[in-house]
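Colleague: Could you show me how to read a few features of a model like this one?

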Amino acid sequence: LRTGRPRRDGMAPVRNTGTPQRLSRKASPARDPSEPARQPAVDARAAFTLAAHAAGTSRQASGTFGSAGRRSPTARPRSSGSAAGRSPTARPSFSPGASSSSTKPREREPRISFLLNLDDDTFDALSSIIMHPLDPCTAGRLASCSRALLQRLRPKLTNLRHENRRARSLCAKAGTTTAAVRDAKNLLWAQRRLNDEDAATLASLARAGHLEHVKYLALTQNTISDSGVQALASALSAGTMRGLKVLDLSGNRIGGDGRAALGFALEQPGALLSLVSLSLVNNKCNLHLSEPLRASLIRQVGHAKDQKRLSIAKGLITER
């Protein structure tokens, strides 16, 4: 733009001073060399999760085994004579005069050695965090960091593979995916031909704490009988689904044993705290409850209505 000439957009004319102006950047304050660097406080659970995440990101970025320090077969070896492309603290890949077969592997990073040095109880407690049947990829990436870690996780990985296969079979029947169930709040699985084995799989997921976010669970018009409801009620009794508000089991084959298991879950102090509605109507089981069971269910439902949020309990207590 020329000096003093008005612009076409109506703005003020730009004056040319003849000297270019540079954008100034604020320099970051220099750290005092005598001051020690801040180390974030990371507990054992966070270190375990970070190690699993680092294992996946390092393999995707470099194509290597990341924390284990093992180099990919297709990686190009570095030359010991040139200093370019090599950090000052890195150990050379081979020493002068030595053959390439005598190379020493790089040491394992501290976080992986930290995991290997944990006792069995702590390791089992921490590994249960990432052993997610709906998302087994994190556990697989962590196990690929080192052979020692793989050997220690092998029994758990075998069990995880079995649970993941059952979870995928359940999701296929329900017409959804494991990724959708992982974050779903409403599981509306009506008329999906779910049986007792599927109910047991759902109970195992709930018992492991993977369904804490579910608020509405509808398993209506399926073929679930007493054994499936007992497995589900056992998981509910442990307080694993405290946010559940509606439980609809209408149109199944639930008898007296299943009703007794649900009544026991209602009576537990830390279970089903948010449950508002429970329905067992239209079950394909001509059931006449015994007097002791009927009295027990009446007492348990009354306790849930007085001490908890339960307001509707349809079909739990049948007519005489």
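Colleague: Let me begin with one side chain: is Cys171 buried or exposed?

Modeller: Buried is a label for relative accessible area under 20%, exposed for over 50%, and partly exposed for values in between, using a 1.4 Å probe and protein chains only. Cys171 has a relative accessible area of 3%, so Cys171 is buried. Cys145, at 1%, is buried as well. Keep in mind that this is a predicted model, in which local features need pLDDT of at least 70 and side-chain atom pairs count only at pLDDT 80 or more, while totals for chains, interfaces and linings use all residues. Residues are numbered from 1 along each chain as its sequence is written, and side-chain values use heavy atoms, with hydrogens and water left out.

Colleague: How many disulfides does the structure hold?

Modeller: A disulfide is a pair of cysteine sulfur atoms within 2.5 Å. The structure holds zero of them.

Colleague: What does the secondary structure of the chain come to?

Modeller: Helices (H or I, at least four residues) and strands (E, at least two) are DSSP runs, numbered from the N terminus. The chain has 10 helices and five strands. Of its 320 residues, 35% are buried.

Colleague: At what angle do helix H8 and helix H9 pack?

Modeller: Axes are lines fitted to C-alpha atoms, for helices over the stretch in contact, with angles from 0 to 180 degrees between N-to-C directions. H8 (residues 226–237) and H9 (residues 256–267) pack at about 5°, and their axes are 8 Å apart. Angles under 35 degrees count as roughly parallel, over 145 as roughly antiparallel, 65 to 115 as roughly perpendicular and the rest as oblique. H8 and H9 are therefore roughly parallel to each other.

Colleague: Which residues in H8 meet H9?

Modeller: Contact here means heavy atoms within 4.5 Å. From H8 come Asp226, Val229, Gln230, Ala233 and Ser237, and they meet Gly256, Asp257, Gly258, Ala261, Leu262, Phe264 and Ala265 in H9. The residues of this contact divide into six nonpolar, four polar and two charged. In that count Ala, Val, Leu, Ile, Met, Phe, Trp, Tyr, Cys and Pro are nonpolar, Asp, Glu, Lys and Arg are charged, and the others, Gly among them, are polar.

Colleague: How many residues has the largest nonpolar core?

Modeller: A nonpolar core is a set of buried Ala, Val, Leu, Ile, Met, Phe, Trp, Tyr and Cys residues joined through side-chain atoms within 4.5 Å. The largest one has 45 residues, and Trp189, Leu217, Leu219, Leu244, Leu247 and Leu266 have the most contacts inside it. Helix H5 (147–174), helix H7 (196–207), H8, H9 and helix H10 (291–307) each supply at least two residues of this core. A second, separate core has 14 residues, including Phe123, Leu126, Ala143 and Leu157. Back in the list above, Leu247 touches Leu217, Leu236, Leu262, Leu275, Ser277, Leu278 and Ser279, not counting residues up to four places away in sequence.
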